[in-house]
Amino acid sequence: MESEGPEPEEAQEGVPAVPETADSGDTVQEAEVQDDAAEDDEAPSADTDEGDIAADYLEELLDIVDLDGDIDIEIRGERTFISIVAEEGGDELQDLVGPKGEVLDALQELSRLAVLTATGDRTRLVLDIAGHRELRQTELKQQADDAIAQVRDHGEEVHLEPMSAYERKIVHDFVAEAGLVSESEGEGKRRHVVIAAS
């Protein structure tokens with residue numbers, strides 16, 4: 001699952017540089033795993049405006065790819081949520097979402113690394129583009145509801161499709177609310193949620 005961290009190098013064409021950190025051995029996968037252990041994470045310090053740091057990074061990226069979008073910052077509980085929406089409600093931002101949200105997930109990790117570089121603190125900020133995560137949350141709720149019904153009807157555990165750490169956390173929360181238990185299994189891109197009776 002773990003891979004060697006990228007060597008410090010200058011920004012590739014079309015991507016703002018994330019300066020080297022003191023802990024350059026950290027990988028994107030390691031940053032993602034923080035979502036699975038959310039209870040162990042510390043809340044952002046009060047004097048750290050991680051939303052502004054990430055928004056500045058994303059604004060630079062939008063300038064590079066010549067796309068227009070409004071950036072909104074919202075604090076929900078202990079997490080910072082950043083949304084990029086098309087200025088005129090168009091779909092020109094869809095390229096920044098990518099198939100199955102893969103580009104969006106990569107941009108989220110780059111934004112987290114930008115905050116880590118600027119502050120020295122990890123962040124669990126969430127990035128949404130063109131409302132993709134809200135739509136995906138509705139889909140995940142339906143998948144979780146269907147799997148919960150199967151477990152209750154047949155008593156056998158149900159394996160869901162592979163998904164990101166953030167999406168697995170959403171499913172875990174839905175399952176806990178329903179009174180069942182769930183855990184993550186698999187490695188890397190095959191990591192998925194397994195739902196079972198309590």
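This is a predicted model: local features need pLDDT of at least 70, side-chain atom pairs count only at pLDDT 80 or more; totals for chains, interfaces and linings use all residues.

Mentor: Strand β5 (residues 181–185) and strand β6 (residues 192–196) run antiparallel and are joined by five bridges.

Trainee: What makes β5 and β6 a pair?
Mentor: Pairing needs at least two bridges between the strands, and five bridges join β5 to β6, so the two strands pair. Within this pairing, serine 184 stands opposite valine 193 in β6. The hairpin of β5 and β6 has six residues between the strands, and there glycine 186 takes a positive phi near 95°.

Trainee: Why is alanine 86 called buried?
Mentor: Its relative accessible area is 13%, and buried means under 20%, so alanine 86 is buried. Alanine 86 lies in the loop between β2 (79–85) and α3.

Trainee: Which residues does alanine 86 touch, not counting residues up to four places away in sequence?
Mentor: With those neighbours set aside, alanine 86 touches Asp68, Glu92 and Leu93. As for leucine 67, which is 19 residues apart from alanine 86 along the chain, the two C-alpha atoms are separated by 8.7 Å.

Trainee: How do you know that the span of helix α3 is close to the expected one?
Mentor: Helix α3 (residues 102–119) has 18 residues and reaches 26 Å from its first C-alpha to its last, while 26 Å is expected at 1.5 Å a residue, so the span is close to the expected value. The buried residues of α3 include Leu104, Leu107 and Val115, and just after α3, glycine 120 takes a positive phi of about 80°.

How values were computed: Residues are numbered from 1 along each chain as its sequence is written. Side-chain values use heavy atoms; hydrogens and water are left out. Helices (H or I, at least four residues) and strands (E, at least two) are DSSP runs, numbered from the N terminus. Buried means under 20% relative accessible area, exposed over 50%, partly exposed in between (1.4 Å probe, protein chains only). Contact means heavy atoms within 4.5 Å.
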